[in-house]
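Thanks for coming. I will go through one chain today, starting with single residues and ending with the whole. Please look at the sequence and the model first.

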Amino acid sequence: MKIAAYQAPLLENGSMEALSYLRTQIDVCEDKGVEILCCPEAVLGGLADYSDRPAELAFNIENGQLEEFLSPLTSETVSTIIGLTESANTGLYNTAIIFHRGKVFGRYRKAYPAIRNSIYNAGDELPTFTLGSLTFGIIICNDTNYIEPSRVMAAKGATVLFVPTNNCLPLNKADVVARARSAQIARAVENGLTVIAADVAGHQDGFASYGSTNIIDPNGVVLASSKPFVEDLLIADIEPEANREVAKCQTNRQS
């Protein structure tokens, strides 16, 4: 099974321009035979914590609004993990959804929002998902700094962990590449999981993200890593069952 991690450009907060970028990457993945594409945290609209009008960035999953908006991304062969702000009766959530053949197949709400104050509520479920022969978990960015989420998902049978990430930070604090990679490696080794992390990258209005997009095998070996500050796509060929090892890895670069 081929999977991919997309390092998306850091866009202006509130922008939904990423929709067209995602369609381009889905086209590439269709051509390459990729079955699951992981995209960054809050790739649609940016992080609500940085917005003066966070509710305007949010999507309602239950009423079909999100599926209608994402309909241009429909693919018969590629399922896409997409980060966004979710609006629910209980408030706003930092959510990653699985968009599968035009429908929301599943969602994960970030268990540990920003280290300090956040506008997001914390999610309280640690689900796993199965597509074809692959059972996997999803955690989001700061969740990698905690042991429990990935451990629970591995215990439920996950062999792969997708990590939508958004390391958009003030420029003087933005170089967190080594720290992010270290946390990703730790979660891989502790649980015998292949970790697929997808970040944003670039500069925008005094903020920056170097990009911490990585593919890491269950032994903690970094098989592919993105270039800093640029759009990028990493593709890996994995064995979903067997011994939880990544068989081979190739990188497609996009400038």
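Let me start with Cys29, which sits in helix H1, residues 18-32. Helices here are DSSP runs of H or I with at least four residues, strands are runs of E with at least two, and both are numbered from the N terminus. This is a predicted model, in which local features need pLDDT of at least 70, side-chain atom pairs count only at pLDDT 80 or more, and totals for chains, interfaces and linings use all residues. Residues are numbered from 1 along each chain as its sequence is written, and side-chain values use heavy atoms, with hydrogens and water left out.

Is Cys29 buried or exposed? Cys29 counts as buried because its relative accessibility is 0%. Buried means under 20% relative accessible area, exposed means over 50%, and partly exposed is in between, with a 1.4 Å probe and protein chains only. Setting aside neighbours within four places in sequence, Cys29 is in contact with Ala4, Val34, Leu37 and Val78. Contact means heavy atoms within 4.5 Å. Gln7 is 22 residues from Cys29 along the chain, and their C-alpha atoms are 14 Å apart.

Next is Ser150, in helix H3, residues 148-155. Ser150 has a relative accessible area of 0%, so it is buried. A polar atom of the Ser150 side chain lies 3.5 Å from the backbone oxygen of Ile147. Beyond the neighbours within four places in sequence, Ser150 is in contact with Leu161, Arg187, Asn191 and Leu193.

What does Thr165 touch, not counting residues up to four places away in sequence? The list is Pro40, Glu41, Cys141, Ala198, Asp199 and Val200. Thr165 is buried because its relative accessible area is 3%. The side chain of Thr165 has a polar atom 3.1 Å from the backbone oxygen of Val163.

Now the whole chain. It has four helices and 17 strands. Of its 255 residues, 55% are buried. Among contacts between residues at least 6 apart in sequence, 67% join residues at least 24 apart. Along its principal axes, the C-alpha trace spans about 45 × 40 × 35 Å.

One check to finish. The radius of gyration, taken over C-alpha atoms, is compared with a globule rule of 2.2 Å times the number of residues to the power 0.38. For 255 residues a compact globule would have a value near 18 Å, so the chain's 16 Å agrees.

Definitions and conventions
A polar contact is a pair of N or O atoms within 3.5 Å; within protein, one must be able to donate a hydrogen and the other to accept it, and residues adjacent in sequence count only if both atoms are side-chain atoms.
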